[in-house]
Amino acid sequence: MKKLLGLLALLKKVISILDNKEKRFFYYLSFAFFFVAIIETFGVVLIIPFIEIASNPEIINTNYQLNLINDFFQFSNTSSFILFLGISYFFYLIFSQAFKAVIMYLQLRFTFSLESSISKRLLESYLRQTYSWFLDKHSGDMGKGVLSEVGETVRYSIIPLLSIISQLFLSIFLVMLIVLVNPLVAISTLLLLFLMYLIIFNKVKNWINSMGINKVKFNKRRYKTVIEAF
């Protein structure tokens, strides 16, 4: 529960630095991930009956829905019907991957434009300060913030956050699918994944936190050294 609240706090903090146009696009992008999850889950649902039909063509005659499709298109034999299903599934895969590619393009375009926008707003806020404000500030720190830290923030907070939203939708739909097929397997898998997550998170969280602090500190020193050298 504590980790979930932390994630929600991070989401709120990230959204707070976006302007109104960027917030709307962020919500639209999150909503698009919902449809991506539906499309991918539906692709998993379709492959199961296709494999069953290919391995046992007699299902076509015993299954009401398949028999209805077969009669509607009036296939001459079961091989033609199986070929039709295979081609249909192939085109569905092409459509799903094309849709995912478009969403990925929009995500990358959003994150890069966001990096540029935030850097510009940060630089403008610096330039509006009084001369006395700059006296106890190092230009290397400010340059690092505009040129480096903004990019780090976008790459290591907003992009992973969008990925979490995307994978969360997909996980929910896949878990629902597994529960419908085999509830016992679904519960066992969830417990195993949750246990693995706890073990990995507890082992690496302190190390990651320490590395992050050192990264900021040494990056700050790099900018200072270069500017002072010039």
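User: What makes the contact between the side chains of Glu 40 and Lys 100 a salt bridge?

Analyst: This is a predicted model, so every value here is computed from predicted coordinates. The N to O distance between Glu 40 and Lys 100 is 2.6 Å. The cut-off is 4 Å between a side-chain nitrogen of Lys or Arg and a carboxyl oxygen of Asp or Glu. The pair of Glu 40 and Lys 100 is within 4 Å, so the term salt bridge applies.

User: Which parts of the chain does that pair tie together?

Analyst: Glu 40 belongs to helix H2 and Lys 100 to helix H5. The two parts are 60 residues apart in sequence.

User: How many salt bridges does the rule give?

Analyst: The count is three. One of them joins Asp 19 and Arg 121, with the closest N and O atoms 3.7 Å apart. That value is within 4 Å, so the pair qualifies. Asp 19 sits in the loop between helix H1 (2–16) and helix H2 (20–55), and Arg 121 in helix H5 (residues 78–127). The separation is 102 residues, and the pair links distant parts of the chain.

User: How do you know that Arg 121 and Glu 22 form a salt bridge?

Analyst: Their N to O distance is 3.5 Å. The limit is 4 Å, so this pair passes. Arg 121 is in helix H5 and Glu 22 in helix H2, 99 residues apart.

User: Are Asp 19, Arg 121 and Glu 22 buried, exposed or partly exposed?

Analyst: Take each value in turn. Asp 19 has a relative accessibility of 31%, so it is partly exposed. Arg 121 has 30%, so it is partly exposed as well. Glu 22 has 11%, which is under 20%, so Glu 22 is buried.

User: Why is Thr 111 called buried?

Analyst: Its relative accessibility is 2%. The cut-off is under 20%, so Thr 111 counts as buried. Thr 111 lies in helix H5. Leaving out residues up to four places away in sequence, Thr 111 touches Val 154, Ile 159 and Leu 162.

User: What makes Phe 26 buried?

Analyst: Phe 26, in helix H2, has a relative accessible area of 2%. That is under 20%, so the label is buried. Beyond four places in sequence, its contacts include Leu 11, Phe 110 and Leu 162. Phe 26 and Leu 162 are 136 residues apart along the chain, with C-alpha atoms separated by 8.6 Å.

User: Why is Ser 79 called exposed?

Analyst: Ser 79 has a relative accessible area of 53%. Exposed means over 50%, so Ser 79 qualifies. The residue is in helix H5. Its C-alpha atom is 8.9 Å from that of Ala 54, which is 25 residues away in sequence.

User: How many helices and strands does the protein chain have?

Analyst: Eight helices and zero strands. From the N terminus, the order reads α-α-α-α-α-α-α-α.

User: What share of the residues is buried, and what share of the contacts is between residues 24 or more positions apart?

Analyst: Of the 230 residues, 25% count as buried. Among contacts with a separation of 6 or more, 75% are between residues 24 or more positions apart.

Note on methods:
Residues numbered from 1 in each chain as written. Predicted model: local features only at pLDDT ≥ 70, side-chain atom pairs only at ≥ 80, totals over all residues. Heavy atoms only, no water. Helix = DSSP H or I, 4+ residues; strand = E, 2+ residues; numbered from the N terminus. Buried < 20%, exposed > 50% of the residue type's maximum accessible area, 1.4 Å probe, protein only. Contact = heavy atoms within 4.5 Å.
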